[in-house]
Amino acid sequence: MTIRDYLRQRKARYLGIGTACLVLAAGLILAHGMSAWAVYSAAAFVFVLGYMTCVVLSRSIACPRCKSAVGGYTTWLNLRTSGSVRRMNYCAGCGTSFDEPVIAPHS
């Protein structure tokens, strides 16, 4: 597994967490037959909280080699294996290529 695959897997996990929060919030709205503003306010808060959780956790992904946070500048487009969009190819902290294996070579 390359570092790029590792980062893609981590981002997918955090996107899943954020999506689950949003699905639970939608379920909250649909499960309650009330028309009270409190239900909608609570659901809106959960929507925002789920989104913020996804963003914060996605940005905290660390490079497996140097443990510096790389999630902030590696977007989904940067982690694609092909395409015309410019992508990030190395860690800003240690300079390791994202196409190298996750396990550090023994010296």
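**Salt bridges in the predicted model**

R4 is buried (under 20% relative accessible area; exposed is over 50%, partly exposed in between, with a 1.4 Å probe and protein chains only), its relative accessible area being 2%. The structure is a predicted model, in which local features need pLDDT of at least 70, side-chain atom pairs count only at pLDDT 80 or more, and totals for chains, interfaces and linings use all residues. Residues are numbered from 1 along each chain as its sequence is written, and side-chain values use heavy atoms, with hydrogens and water left out.

Three salt bridges are present in the structure, a salt bridge being a side-chain nitrogen of Lys or Arg within 4 Å of a carboxyl oxygen of Asp or Glu. R4 takes part in one of them, with D99 as its partner and 3.0 Å between the closest N and O atoms. R4 belongs to helix α1 (residues 3–31) and D99 to the segment after α2 (37–59), so this pair ties together parts that are 95 residues apart in sequence. Helices are DSSP runs of H or I with at least four residues, numbered from the N terminus. In contrast to the buried R4, D99 is partly exposed, at 43% relative accessibility.

A salt bridge also joins R8 to D5, where the closest N and O atoms are 2.9 Å apart. Both residues lie in helix α1; because they are three residues apart, about one helical turn separates them. R8 is partly exposed at 24%, and D5 is partly exposed at 31%.

The side chains of R65 and E100 form a salt bridge with an N to O distance of 3.1 Å. R65 and E100 are both in the segment after α2, and the pair links distant parts of the chain, 35 residues apart. R65 has a relative accessible area of 24% and is partly exposed; E100, at 31%, is also partly exposed.

How values were computed:
Helix = DSSP H or I, 4+ residues; strand = E, 2+ residues; numbered from the N terminus.
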